[in-house]
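Have your viewer open and your selection tool ready. We will go through the model stop by stop, and each stop tells you what to select next.

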Amino acid sequence: MKALKKLLGKTLIATACVAAAMTATADVLSDIKSRDEIRIAVPQDFPPFGSVGADLKPQGIDVDMAHYIADQMGVDLKIVPVTSANRIPYLQTSKVDLVISSLGKNPERQKAIDFSTPYAPFFLGVFGEKSVSVGELQDLSGKTVGVTRGSVEDLELEKNAPTSVNIQRFEDNNTTLTAYLTGQVNLIATGNLVATEIAKRKPARAPEAKFMLKDSPCYIGMAKGEAALQSEVNAIIAKALAEGKLNDISMKWLKAPLPAGFGV
Amino acid sequence: MLNFSDLLPYTDVFLGGLLTTIELTVLTTFLGVMVGTLCASIRQYGSKASRRVVAAYVELIRNTPFIVQLFFIFFGLPSIGFLLTPWQASIIALTINLGAYSTEIIRAGLSNIPKGQWEAAKVLGMNFRQTLMRVVFTPAFEKIYPALTSQCIIVMLGSAVLSQISVQDLTYAANLVQSRNFRAFESYVITALMYLGLAMLMRYAFSLIGKRVFAYREVR
């Protein structure tokens, strides 16, 4: 009987602890406010989203976004560097309040965490010289497009582009890039980060985004069921989009404006 | 585990690649041997200055990797205003390459023709052109014919590198199919067999041509 009482007592304490822990995390937003600090996970090995700058401070799209959100909330910012493998576990174990880490949305992740509205563009598309006028896949017919063999953009092109497109496939991203830089091809299908890389290396030949092949923008991740936090973050993103902050960040790090219709 | 039937949907890709490789080989073998013959003649009988120019060309090509030559022509030349299509760049690179190697091979044959042969032709009243064609080239080529055959086959096999600049040859087909269905073993086995078949076919074709050209040897 004594033992049973002891057990019951322990169970009660344990239950109370869990309940306390649950109330503590029941509303992350008010926790952030009362703590006067928001903890945000950012990548440190994935430029231009997050990397370590020459001054040894984190820099990039995600870092700028983290600062902006902390400013808007009027709280201090604590940057937590994460890798792409542990960014979601950090969120699930409440080590951070938000994950701004070039996170794409997919059904598996949606079961584990909630997402904000998109804050940064991430897409595969056809890019090219300003003088070449193409606006959609059909416009490519009769034109030559360079692409890296076996990449997702290669498969997308093959599946959707008209058969009269001359697809020139190269061995790796670097060769595709070189083919564009040397003028061997005037259009390439690639990711917007690669296009940024070209714009950095040779601003005179900075490719212009013609149209998207596959869009998977980046979202801010947060723990499931945090409605208050989610609407607050969404409101901040909407404001950033409206006042041009998102576009400024895109221009700064991606050397390109937000694609048309972004976040709408 | 092996499944060759996965390759069937790509039959056209393989055949297209095979055809491209054959076209490139036939064209550049012809052009390359022409260049080689011309350069070998210059090296053997030309003026001192022209001999130096040819020697520089031969050494430059024989002492640099083919892929570097190819990339220079395809990616390097556009910076000074020569924009070539992958096909044009391939023809030029292969011809220049085979030209350099065959120059040395053919020159070896030419240097093997004894002076007495020239003198004999002169005594018979043949002019320079006749002597070159009938008395010098035929026996010279006969001597180096096996080496020349091998060199042409080596260039055909070396054309696999052209897939790097997006020429849709046999290797390109293999790479493409492999990146689509991940049947690496099957794709490359088939491709290797096709190259083997091509090489044997080339050897056979060369021997047929040789039999006709060097028929004067046969006792009638």
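Two strands pair if DSSP finds at least two bridges between them. Helices (H or I, at least four residues) and strands (E, at least two) are DSSP runs, numbered from the N terminus. With that in hand, select residues 98-103 and 218-222 of chain A: these are strands E6 and E13, which pair in the antiparallel sense over 2 bridges. Within this pair, look for Val99(A), which stands opposite Gly221(A) in E13(A).

Before moving on, a word on the ground rules. This is a predicted model, in which local features need pLDDT of at least 70 and side-chain atom pairs count only at pLDDT 80 or more, while totals for chains, interfaces and linings use all residues. Residues are numbered from 1 along each chain as its sequence is written, and chains are lettered from A and ligands numbered from 1 in the order in which they are written.

Axes are lines fitted to C-alpha atoms, for helices over the stretch in contact, and angles run from 0 to 180 degrees between N-to-C directions. Contact here is between residues whose C-beta atoms, placed from the backbone, lie within 7 Å.

**A second sheet in chain A**

Which strands form the open sheet of 3 strands? They are E2, E3 and E4 of chain A, in that order and with antiparallel pairing. The edge strands are E2 (45-46) and E4 (58-59) of chain A. E2(A) is joined to E3 (residues 50-52) of chain A by 2 bridges. Zoom in on Phe46(A) to find Gly50(A) of E3(A) opposite.

**Colour by domain**

Where the two meet, 5 residues of domain 1 of chain A are in contact with 4 residues of domain 2 of chain A. The domain 1 side of that contact has 5 nonpolar, no polar and no charged residues. In this count, Ala, Val, Leu, Ile, Met, Phe, Trp, Tyr, Cys and Pro are nonpolar, Asp, Glu, Lys and Arg are charged, and the others, Gly among them, are polar.

**Over to chain B**

Select residues 48-62 and 86-110 of chain B, helices H2 and H4. Their axes come within 9 Å and cross at roughly 115°. Among the residues that meet there are Val54(B) and Tyr57(B) from H2(B), and Ile96(B) and Ala100(B) from H4(B). By class, this contact divides into 7 nonpolar, 2 polar and 2 charged residues.

**Last stop: between the chains**

Show both chains together. The contact takes 11 residues from chain B and 10 residues from chain A. On the chain B side, H3 (66-76) and H7 (170-181) each supply at least two residues, and H7(B) gives the largest share, 3 residues.
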